[in-house]
Amino acid sequence: MSKQAQHWEKTRGLLMMTLAIWFVFSIGIFLFGAEMESVTGPFGYPLTYWFTCQGSLGIFVILIFWFANRQEKIDEEFGFSEREDD
Amino acid sequence: MMKGNFIDNLPKVYGIYTGGFIAFIIIMAIGEQMGMTSKAIGICFVAFTVAIYAIIGYMSRTMAADAYYVAGRQVPTVFNGMATAADWMSGASFVAMAGGIYFKGYGYMALLVGWTGGYVLVASLLAPYLRKFGCYTVPDFIGTRYGGNVSRLMAVIVLTVASFTYVTAQINATGTIASVALDIPFQYAVYVGLVSILLCSMLGGMRGVTWTQVAQYIVLIIAYLLPVFWISNKMGAGFFPHFMLADEVARIGELEQQFGFVKNSAADLANVPKGLAGITKAHSAVNATPWAFISLALAMMMGTASLPHVMMRYFTTPSVKAARKSVGWSLFFIFLLYSSAPMLATLSKLSLIDPALSTGIIGKSIAEVQAIDWYQNWNQANLMFVSDFNGNGTLELNEFFMGGKAVVLATPEIAGLPYVISGLVAAGGMAAAMSTADGLILAIANALSHDLYYKIIDPKAETAKRLVVARVLLVVIGFAGATIAAMEIQGILGSVIWAFDFAMSGLFFPLVLGVWWKRANKEGAIAGMALGLISGTAYLVWVRTGGSGFLGITQLTFGIFGSAVSLVSMVVVSLITSEPSAATQKMVDEVRVPSGKTILGKQH
């Protein structure tokens with residue numbers, strides 16, 4: 001397999017992982033909104049409420065930075081990263 | 001002017017700017033103590049901030065195509081994040097969001113999840129690849145990836161429909177704030193707003209818009225966070241509201257139990273002024289079905305990834321790597337405001353309904369409430385209303401009505417903060433609406449001038465002529481938007497949500513599959529854009545004219561239907577027509593690799 005094809009395979013793997021995490025916190029948990037309600041979440045808020053106003057939002061921020069770092073590592077591994085002076 | 005070292009000096013420049021703005025707030029506060037009228041303070045806040053934006057806009061003037069279209073591709077990661085956050089957070093986010101949460105609770109908060117989760121899609125599926133492509137506009141990508149003028153034109157049409165729907169709402173919002181702060185009729189205020197918007201973008205294009213948006217972000221975030229923290233501290237709810245309002249949320253739940261949600265009769269409701277609502281839904285409890293919540297969040301997420309005025313912000317970063325990081329920073333800066341909106345809604349609601357607090361009005365006598373200063377002010381502005389439906393002389397929860405905007409605009413006054421904070425909030429709302437309107441008008445004008453005029457009508461046009469055309473279009477589109485806004489056809493929030501649905505119906509899959517599916521071809525893309533937009537629009541019209549809809553898809557989520565049609569038609573048509581040329585496939589391979597030259601040249 002060519003270097004480029006390998007790079008794309010890894011990139012696609014990372015995408016799938018990123019989208020899976022995204023799916024859990026944007027859609028998955030809200031299937032159980034009513035069930036999570038009686039659980040006390042961080043800082044004492046009801047768990048469902050906490051996810052909608054802080055939890056999911058914060059997780060998305062972290063997820064994007066994590067994704068960007070992982071993708072950079074993949075690019076470096078195959079020598080596809082950009083020159084610093086770009 | 002400062003060019004070159006301007007970029008290196010950015011932290012210093014905006015540091016001084018922020019310090020200057022805080023000094024201005026302090027001067028206004030001193031002025032208030034010395035007897036400045038609230039009207040004068042309002043005018044000063046709006047005039048001062050708009051003047052600063054205009055100066056930045058003038059200093060960023062340019063005659064180079066890449067500076068005009070993509071700010072010279074040298075906007076640093078963090079600053080592009082701030083600019084995107086301002087570009088993104090519109091009058092709806094700033095003025096209407098906390099109000100929506102206040103009235104509708106959990107069901108509405110799907111918008112918070114949707115408007116942030118979409119950035120994960122932007123970062124992982126699109127932004128870095130479109131940056132590598134080196135396009136000036138979103139239709140530039142569609143037109144080059146799929147080839148042919150028809151696909152480019154289709155993309156221009158979808159972009160225009162979505163962005164224009166959105167921009168009328170923003171000009172409407174600037175007009176509303178300008179009319180309140182400057183005390184002039186709405187019909188004129190709309191044009192005052194428009195002129196302010198054009199001052200930022202006309203001379204400098206994307207470069208001007210970038211640096212004014214950073215300045216606008218700083219104003220709007222200070223204007224949003226300062227009151228939230230202040231009110232929370234004043235009420236003794238906690239010095240860092242985001243982590244400390246659990247007791248207040250629980251207390252609202254208790255009061256809801258105690259008061260109950262009494263349903264008003266239609267005859268009683270007929271007396272309530274249009275646009276005002278009472279508290280009829282639980283504050284923090286789950287009050288929507290999973291599908292109602294998820295479908296709205298999903299539509300907003302896919303819409304986010306298809307809206308051209310957001311996507312084009314990532315064309316301005318120096319590299320592909322920077323584009324990815326920049327999406328993270330954008331969402332971080334958006335998170336600061338979005339995570340504060342529910343806190344503001346909580347503080348606002350509790351201070352109004354808790355009889356144990358001095359600001360609480362429920363349980364007081366109607367005459368007493370009607371005598372309160374702030375009640376009279378906001379009643380006059382048509383944003384508050386009380387009526388003694390049951391005739392017992394005291395105000396019940398179901399007898400108090402408020403406009404959605406009042407949560408952000410009136411809470412500082414209700415909580416007893418000085419007027420200077422209300423002036424600051426007006427300046428923040430103006431910044432939020434202006435920055436989004438600028439991004440949208442520029443997206444439309446750039447698509448028409450670059451893709452329609454230069455790429456399709458007159459490919460030989462010189463740069464100078466192209467940039468003149470771009471500016472003329474900017475003014476024309478601005479005026480068209482303002483004229484429609486002055487007619488006040490739809491509410492702010494409704495049309496914003498529609499814009500997301502239009503964009504996702506026509507553009508989501510053609511953009512994503514353009515990068516991720518090599519087999520996608522021109523015929524498929526055209527079918528996807530055309531049928532997606534048409535079916536989405538048809539569904540909207542059907543539901544609006546009394547159609548029952550299906551699968552629980554409402555007029556707010558019609559994009560789910562449109563984009564599904566778009567996906568199916570794009571895949572089917574692509575597969576029954578011939579695969580894209582070897583050159584196109586090679587181009588897709590190159591887009592997938594961050595290093596190397598962009599697909600389109602620096603100047604094109």
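The structure is a predicted model.

In the interface between the two chains, 40 residues of chain A are in contact with 42 residues of chain B. On the side of chain A that touches chain B, the elements giving two or more residues are α1 (3-26), α2 (33-36) and α3 (47-77) of chain A, and α3(A) provides the largest share, with 18 residues. By class, the residues on this side of chain A comprise 22 nonpolar, 13 polar and 5 charged.

Chain B contains an open sheet of 3 strands, arranged in the order β1-β3-β2 with antiparallel pairing. Because β1 (276-277) and β2 (384-386) of chain B are edge strands, each with a single partner strand, one side of each has no neighbour in the sheet. The antiparallel pairing of β2(B) with β3 (residues 400-403) of chain B extends over 3 bridges, and M384(B) has M402(B) of β3(B) as its bridge partner.

Helix α22 (residues 419-457) of chain B packs against helix α11 (residues 205-235) of chain B at an angle of about 150°, with the axes 8 Å apart. As angles over 145 degrees count as roughly antiparallel, α11(B) is therefore roughly antiparallel to α22(B), and the crossing of these two helices is left-handed. Residues making the contact include V209(B), Q213(B), Q216(B), L220(B) and Y224(B) of α11(B), together with L424(B), G428(B), A431(B), S435(B) and L442(B) of α22(B). The contact of α11(B) with α22(B) has 16 nonpolar, 7 polar and 1 charged residues.

A further contact of α22(B) is formed with helix α3 (residues 38-59) of chain B, the two axes coming within 9 Å and crossing at roughly 35°, in a right-handed sense. On the α3(B) side, the contact is made by S38(B), I41(B), G42(B), F45(B), V46(B) and T49(B), while the residues of α22(B) that take part include Y419(B), G423(B), A427(B) and M430(B). This contact of α3(B) with α22(B) divides into 10 nonpolar, 4 polar and no charged residues. L424(B), A427(B) and A431(B) of α22(B) are listed both in the contact with α11(B) and in the contact with α3(B).

For helix α25 (residues 522-544) of chain B, the length agrees with expectation, because 23 residues at 1.5 Å a residue should span 33 Å and the end C-alpha atoms are 33 Å apart. This helix, α25(B), is followed by G546(B), which has a positive phi near 100°.

How values were computed:
Residues are numbered from 1 along each chain as its sequence is written. Chains are lettered from A and ligands numbered from 1 in the order in which they are written. This is a predicted model: local features need pLDDT of at least 70, side-chain atom pairs count only at pLDDT 80 or more; totals for chains, interfaces and linings use all residues. Two residues are in contact if their C-beta atoms, placed from the backbone, lie within 7 Å. Helices (H or I, at least four residues) and strands (E, at least two) are DSSP runs, numbered from the N terminus. Ala, Val, Leu, Ile, Met, Phe, Trp, Tyr, Cys and Pro count as nonpolar, Asp, Glu, Lys and Arg as charged, and the others, Gly among them, as polar. Two strands pair if DSSP finds at least two bridges between them. The expected span of a helix is 1.5 Å times one less than its number of residues. Axes are lines fitted to C-alpha atoms, for helices over the stretch in contact, and angles run from 0 to 180 degrees between N-to-C directions. Angles under 35 degrees count as roughly parallel, over 145 as roughly antiparallel, 65 to 115 as roughly perpendicular and the rest as oblique. A crossing is left-handed if the near helix is turned anticlockwise from the far one by less than a right angle, and right-handed if clockwise.
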